[in-house]
Amino acid sequence: MGKETVLITGASGGIGKEFALVFAKNGYDLVLVARNEKRLEFLRKKLESDYNICVTVLVQDMTEDNAALILSDKINKSGISVNILVNNAGFGDNNQFLDSNWEKQKHMVRLNILALIQMTYVFGGQMRKRGHGRILNMASAAAFTAGPGMSVYYASKAFVLSFSEAVSEELKGTGVTVTAVCPGPTSTGFEESAGMHGSRMFHAVKPQSAKHVAVDGFRACMSKRPALYHGKITKIGSVGARLLPRSLMRKIAKEINKVPGGNS
């Protein structure tokens, strides 16, 4: 049996890039997907040089209609079989919902939810036919509660966690596993793109490193864990969500998401 191949979305930076590094170090060939071709090509050259693996770069906007089918067609034409899927692409937005940009919210749902479930459907179906495969979906500590100030993002991650755990159970005995990774605040550039620079979320606790999240996510995927609650804050949050009233959890999330001079 030759090398297995891992498909990673959102691979040009942050946790996606760190996943590429950890899988490369463990001898996997890679298919890297993102919109930024220049960054993908730079990463491809480094990984192929450092780890003697084959890296395929595919430039794709995952919010595009049927992005998963487009990717699957390209990959099949290349004769590549995807053994492990890492659905990492996603983004957030810090704003009151009715004051937010509608197009941004729509694209968030398309990327965080629709793209992820279509990728799981398309590539998961191929894995089940072969009787072997692993899927890793990036959820978040945001999945544990409603999130005033980031309502769509929190809801999208709650969907990812619930969906991943359900499909994980459905696929038992097929040779295919699903793992949801739920990190807390992580140093990835997320806070800048989500408009959260200076928010309490990234200052109340020290953010985790993207590398640490990727390494532990890799281990959870390899050990077939249905879910990984990564970091002390995330584990505390998961317990709090089960024990505390939802009204209190909403208030806590609202305070955490506040940005000085921003939403209230």
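**Exercise 1. Strand β4**

Which residues of strand β4 (residues 84-87) lie on one side and which on the other, and are they buried or exposed?

*Solution.* Start with the ground rules. This is a predicted model, in which local features need pLDDT of at least 70 and side-chain atom pairs count only at pLDDT 80 or more, while totals for chains, interfaces and linings use all residues. Residues are numbered from 1 along each chain as its sequence is written, and side-chain values use heavy atoms, with hydrogens and water left out.

Step 1. Buried means under 20% relative accessible area, exposed over 50%, and partly exposed in between (1.4 Å probe, protein chains only). Strands are DSSP runs of E with at least two residues; helices are runs of H or I with at least four; both are numbered from the N terminus.

Step 2. Sort the side chains. Ile 84 and Val 86 sit on one side of β4, Leu 85 and Asn 87 on the other.

Step 3. Read off the burial. All four are buried, and both faces of the strand are covered.

**Exercise 2. Aromatic rings**

How many aromatic pairs does the count come to?

*Solution.* Step 1. Apply the rule. Rings of Phe, Tyr and Trp (its six-membered ring) pair if their centres lie within 6.5 Å; planes under 30 degrees apart are stacked, over 60 edge-to-face, and the rest tilted.

Step 1. The count is seven aromatic pairs.

Step 2. Take Tyr 153 and Tyr 154. Their rings are 6.3 Å apart, centre to centre, with 75° between the planes, an edge-to-face pair. Tyr 153 is buried at 10% relative accessibility, and Tyr 154 is buried at 6%.

Step 3. Take Phe 159 and Phe 163. Their planes are at 10° and their centres 5.9 Å apart, so this pair is stacked. The two lie four residues apart in helix α5 (residues 151-170), so about one helical turn separates them. Phe 159 is partly exposed, at 33%.

Step 4. Look for a cluster. Phe 19, Phe 23, Tyr 28 and Phe 218 form one.

**Exercise 3. Ala 67**

*Solution.* Step 1. Ala 67 lies in helix α3 (residues 67-77). Ala 67 counts as buried because its relative accessibility is 2%.

Step 1. Contact means heavy atoms within 4.5 Å. Leaving aside neighbours within four places in sequence, Ala 67 touches Gln 60, Asp 61, Met 62 and Gln 118.

Step 2. Ala 115 is 48 residues away in sequence, yet 7.0 Å away in space, C-alpha to C-alpha.

**Exercise 4. Cysteines**

How many disulfides does a search of the whole structure find?

*Solution.* Step 1. A disulfide is a pair of cysteine sulfur atoms within 2.5 Å. The search finds zero.

Step 1. Cys 54 is partly exposed at 42% relative accessibility, while Cys 182 is buried at 0%.
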